[in-house]
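Student: Please take me through the terms used for this model, and say what each assignment rests on.

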Amino acid sequence: MSILFRITEPADDALSPSAIITARKLAALRRFLRSEGDRIGVALLEPDEYLGDSFEARVCPLALAAITSIFDHDAAVIAVIEEAQFRGRRIAIHHCPASAEITLCVALTSDQGLELDLAYGNAYALLEALAIEAESVGDIPVELLRARLSDPATPSRAALRGVDHYLPRLERLVASAPAHDDARFAWA
């Protein structure tokens with residue numbers, strides 16, 4: 001089991017746009033993401049052997065019109081891609097075997113995949129190093145996390161617990177947080 005650390009914002013709780021797509025359009029999207037990823041030198045999609053019924057893909061490095069042209073500029077698809085790019089998020093694709101529908105929506109994962117997914121032991125040690133009560137679920141304001149990361153005692157507490165190598169990734173995650181006061185550092 002593991003605990004995922006990420007940045008949340010109020011828009012995560014709002015109803016995000018979604019679109020129903022066909023299997024042919026999904027295949028075309030996957031081909032497009034692979035070719036564009038090769039062209040720009042960035043992995044936009046996981047290799048086929050790791051893809052299942054649910055997966056995520058990066059869309060922020062690409063032009064909205066280029067992606068939506070695959071779907072004949074469908075308004076629902078435009079809404080999903082635009083929202084994902086605006087919020088700096090990935091898109092999520094889910095195939096429901098029962099209904100055979102393929103749904104495209106905005107993922108909770110950041111486009112750059114900065115979230116930390118740690119085993120319980122490392123997650124609790126990281127929380128303790130940040131002087132946060134070690135619970136499996138929680139959240140704090142991003143500003144409080146910035147203060148904890150800038151505390152001179154944090155690196156030594158992290159080194160003592162063997163989790164100091166996670167601090168640079170945590171700093172990159174915090175740097176990706178939106179500037180508004182509603183952003184929170186959450187774990188579950």
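This is a predicted model: local features need pLDDT of at least 70, side-chain atom pairs count only at pLDDT 80 or more; totals for chains, interfaces and linings use all residues.

Tutor: Residues are numbered from 1 along each chain as its sequence is written, and side-chain values use heavy atoms, with hydrogens and water left out.

Student: How many helices and strands are there in the protein chain, and how do you know?

Tutor: Helices (H or I, at least four residues) and strands (E, at least two) are DSSP runs, numbered from the N terminus. The protein chain has seven helices and eight strands.

Student: How do you know how many disulfides there are?

Tutor: A disulfide is a pair of cysteine sulfur atoms within 2.5 Å. By this rule the count is zero. Cys60 is in no disulfide, as the nearest cysteine sulfur, that of Cys105, is 14 Å away. For Cys96 the closest cysteine sulfur is also in Cys105, at 13 Å, so the two are too far apart for a bond.

Student: Why does Cys96 count as partly exposed?

Tutor: Buried means under 20% relative accessible area, exposed over 50%, and partly exposed in between (1.4 Å probe, protein chains only). Cys96 has 26% relative accessibility and therefore counts as partly exposed. Cys60, with a relative accessible area of 27%, is partly exposed.

Student: What makes Phe5 and Phe185 a stacked aromatic pair?

Tutor: Rings of Phe, Tyr and Trp (its six-membered ring) pair if their centres lie within 6.5 Å; planes under 30 degrees apart count as stacked, over 60 as edge-to-face and the rest as tilted. The structure holds four aromatic pairs. In the one formed by Phe5 and Phe185, the centres are 5.6 Å apart and the planes 15 degrees apart, hence stacked. This pair links distant parts of the chain, with Phe5 in strand β1 (residues 2-8) and Phe185 in strand β8 (residues 184-187), 180 residues apart. Both Phe5 and Phe185 are buried. Ring pairs join Phe5, Phe185 and Trp187 into a cluster.

Student: Which arrangement does the pair of Tyr120 and Tyr124 have, and where do the two residues lie?

Tutor: Tyr120 and Tyr124 are stacked, at 5.8 Å centre to centre with 15 degrees between the planes. They are separated by about one helical turn, because they lie four residues apart in helix α4 (residues 120-129). Tyr120 is partly exposed at 31% relative accessibility, and Tyr124 is partly exposed at 26%.

Student: Why is Thr154 called buried?

Tutor: Thr154 has a relative accessible area of 1%, so the residue is buried. Thr154 sits in helix α6 (residues 153-161).

Student: What makes a nonpolar core, and which residues have the most contacts inside the largest one?

Tutor: A nonpolar core is a set of buried Ala, Val, Leu, Ile, Met, Phe, Trp, Tyr and Cys residues joined through side-chain atoms within 4.5 Å. The largest has 28 residues, and those with the most contacts inside it are Phe5, Leu116, Leu126, Leu145, Leu170, Phe185 and Trp187. Elements giving two or more residues to this core are β1, β6 (116-119), α4, α5 (142-150), α7 (167-175) and β8. Helix α4 gives the most, with five residues. A second, separate core of 25 residues includes Ala28, Leu44, Ala84 and Ile102.
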